[in-house]
Amino acid sequence: MSTKEKLISHVMKEEPVASANKVTVVGVGMVGMACAISVLLKDLCDELALVDVMEDKLKGEIMDLQHGSLFLKTHKIVADKDYSVTANSKLVVVTAGARQQEGESRLNLVQRNVNIFKFIIPNIVKHSPNCIILVVSNPVDILTYVAWKLSGFPRHRVIGSGTNLDSARFRHLMGEKLNIHPSSCHGWIIGEHGDSSVPVWSGVNVAGVSLQGLNPQMGTEGDSENWKAVHKEVVDGEAYSPTSSTAGTDEKDQQNESKMKMLEHTWAYEVIRLKGYTSWAIGMSVANLVESILKNLHKVHPVSTLVQGMHGVKDEVFLSVPSVLGNSGLTDVIHMTLKPDEEKQLMSSADTLWGVQKELVL
Amino acid sequence: MSSVLQKLITPLASSPAEPPRNKVTVVGVGQVGMACAISILLRDLCDELALVDVMEDRLKGEMMDLQHGSLFLKTSKIVADKDYVVTANSRLVVVTAGVRQQEGESRLNLVQRNVNVFKVIIPQIVKYSPNCTLIVVSNPVDVLTYVTWKLSGLPKHRVIGSGTNLDSARFRYLMSERLGIHASSFNGWVLGEHGDTSVPVWSGANVAGVNFQSLNPDIGTDGDKEQWAATHKAVVDSAYEVIKLKGYTNWAIGLSVADLIESIVKNMSRVHPVSTMVKAAVVVADSLESEVGEMPDKERMWRKWLWNHNLVATSWDCGKGLLPFPGLHHHPGPQVGAEHQLHHQEGSAEVVLPEAARNLTCQRR
């Protein structure tokens, strides 16, 4: 008898039950691995699968994670180039794709990533026909549309990480300014992830107290001289230091609010310029979404979904709106009452996105 | 007209900001340092995290990336600077700085390169956090922990090397995979040098208290038909293999460092295999060297010393026969414990040794 046989008697006659909460991460670059470690450290799944085309890197990453098994509560961590390893996933996080270069706008990444998705999405669907797909690769709104089209899934099972991260960054800046934890600062950024995202100033509040109610000029670009000065500062790459509180006059606050909004989307570029890529924040924000889905929380998140028919959008585009997430996927959307200029911005984003989407070869 | 801030919030107390209670500093924002940082943050282990490095852009980018995730965290202050002033009042400082092990390079080859780096780092850390506990991760960790101890002037119990905490974790994972159980259900200790000459203590390996060596007396030897020793060899080789495949290792070491930090900040008195000062008084038979030194009250790691020198105790003066190995206590006599208890204040201090150690005789394993 072997040592194992002397030690252990197998007493179950049936086949072991399949994993109940399997998560797959496609792409083991910096973003994919940040998603993986965040999901693992939050104990969200009972099986984690990783897929990539770079075989050595994939194998190295999986070994490194497995070596940490003692400290984790995810017993099965697997990886392969072959998608059969992803079978029966509840949730598949797609981070694969080319990385945004310094100065490159997200829209420029599009066609490169569409071609990659043409390989990935059908493979995911083949092995996990009932999964929920969470798209992270940029430009996320377009690629969520692409994933939806290529998968043939109903719209509630194809979600884009969208402005979940933009909103988190906004709430961080707000928290720094007010010296309050971001979870107590409420603010929603919706629409297109990135350059033209829309901060809904009317909803910004702490403990239900509307900040715009306290300062009706909030978010407006009333003083064009000041806006230009702010814009110049941003363009020159001088990062606004949120800890140097200049709270004082209304005017300063107005500047700061606009500055905050302006800077929010440039911070991604700033982080890319400084360290080459962003990873930790997006990883944590993805784990936040995974948690709501797998634990069926019915929490509301600003994520990218089909918004055709909402806010004046006519085309099949995906934009971020507050959405309810649970284990069926994205089941409901919250109606926001938007100002005319906010709706206009959404429609304009939709037009831009559709302009790109209709040229794509799917 | 009052500002939004003034209209929204009425401060009740205007005292200066409280100092942090559980501040952790990570020195070095390479892959290992950042893996440590993210593991510490996601385990909610500190109320303030400071990062230091010489590469300013990279440092700032990493700090910002972490700060952007602050909504999802419970660590309200994340700071970074090239200047060590940002590390002031740390309770724990994790040192990951240094040059990286190249493919095929043994850990010992890194020594001089990293000693020079430490001559700059360690005095700065101690200057700003004279009461901290230092955890050294940079390789070769055992040597660099010694170097850190010397350069810092800190007492021995406050300078700890991450040591074989990771080797033991890898060992427990690889062994448990062969058995189909979770790593935490397989108990096994790897002691000694982190790396090539680490020592798997086969006599202590057990599942649910069932001792492996009693099931398979050949375990760990060349004569073992099941070649369990190959599993330990895989532990030693695995670091090199991961480096070859992805260029570096980071996730496992990050998780293992967070595990140590958890024990320290939560004052858990858990037992970990970590690198600490080993100095013992042992009288050795035959032609083996003897090392007799002063035996201070705490800090005697004699059993670990024995294993490092490939020795096994065969008898002691009261004729009780084979001494128990770490983790198992057969003797009704004086407690022989060579494990280290990590206390939050005292680091790795509690090692209890019997007087009888003076009268030990040993032979080669």
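Colleague: What does the secondary structure of chain B come to?

Modeller: Chain B has ten helices and 15 strands, where helices (H or I, at least four residues) and strands (E, at least two) are DSSP runs numbered from the N terminus. This is a predicted model, in which local features need pLDDT of at least 70 and side-chain atom pairs count only at pLDDT 80 or more, while totals for chains, interfaces and linings use all residues. Residues are numbered from 1 along each chain as its sequence is written, chains are lettered from A and ligands numbered from 1 in the order in which they are written, and side-chain values use heavy atoms, with hydrogens and water left out.

Colleague: How much of chain B counts as buried?

Modeller: Of its 365 residues, 56% count as buried, a term that means under 20% relative accessible area, with exposed meaning over 50% and partly exposed in between (1.4 Å probe, protein chains only). Chain B exposes about 15400 Å², and carbon and sulfur atoms supply 51% of that area; accessible areas come from the Shrake-Rupley method with a 1.4 Å probe, and for residues only the protein chains shown count as cover. As for contacts (heavy atoms within 4.5 Å), residues 24 or more positions apart account for 67% of those in chain B with a separation of 6 or more.

Colleague: Pick a residue there, say A80(B): which residues is it in contact with, leaving aside neighbours within four places in sequence?

Modeller: A80(B), which belongs to strand β3 (residues 77-81) of chain B, is in contact with L51(B), L59(B), M63(B) and V86(B) once those neighbours are set aside. It counts as buried because its relative accessibility is 19%. V111(B), 31 residues away in sequence, is 27 Å from A80(B) in space, C-alpha to C-alpha.

Colleague: Switching to chain A, which way do the side chains of strand β5 point?

Modeller: In β5 (residues 132-135) of chain A, I132(A) and L134(A) point one way and I133(A) and V135(A) the other way, and all are buried. In a regular strand the side chains alternate between the two faces of the sheet.

Colleague: And which strands are joined to β5(A) by bridges?

Modeller: Two strands pair if DSSP finds at least two bridges between them. Strand β4 (residues 91-94) of chain A is joined to β5(A) by four bridges and runs parallel to it, with V93(A) opposite L134(A). Strand β6 (residues 158-160) of chain A also runs parallel to β5(A), with three bridges, and G160(A) in β6(A) is the bridge partner of V135(A). From β5(A) the chain crosses through helix α5 (residues 140-151) of chain A to β6(A), and this β-α-β crossover is right-handed, meaning that, with the strands pointing away from the viewer, the path from the first strand over the helix to the second runs clockwise.

Colleague: What does K149(A) in that helix touch, not counting residues up to four places away in sequence?

Modeller: K149(A), found in helix α5 of chain A, touches E316(A) and L362(A) on that count. Because its relative accessibility is 38%, K149(A) counts as partly exposed.

Colleague: Now the rings: how many aromatic pairs are there over all chains?

Modeller: The count comes to eleven, where rings of Phe, Tyr and Trp (its six-membered ring) pair if their centres lie within 6.5 Å, and planes under 30 degrees apart count as stacked, over 60 as edge-to-face and the rest as tilted. One of them is Y145(A) with W354(A), edge-to-face at 6.2 Å centre to centre and 85° between the planes. Y145(A) lies in helix α5 of chain A and W354(A) in helix α11 (residues 340-357) of chain A, so this pair ties together parts 209 residues apart in sequence. Y145(A) is buried at 6% relative accessibility, whereas W354(A) is partly exposed at 24%.

Colleague: What about W280(A) and W251(B), how do their rings sit?

Modeller: They form an edge-to-face pair, 6.1 Å centre to centre with 85° between the planes. Since W280(A) lies in helix α10 (residues 280-294) of chain A and W251(B) in helix α9 (residues 251-265) of chain B, the pair joins two chains. W280(A) is buried at 6% relative accessible area, and W251(B) is buried at 5% relative accessibility.

Colleague: Which residues form the aromatic cluster in chain B?

Modeller: F171(B), F186(B), W202(B), F212(B) and W228(B) form one aromatic cluster. The charged end of R178(B) sits over the ring of W228(B), 3.9 Å from its centre, by the rule that NZ of Lys or CZ of Arg is within 6 Å of the ring centre and within 35 degrees of the ring normal. In chain A, R157(A) lies over the face of F153(A), at 4.2 Å from the ring centre.
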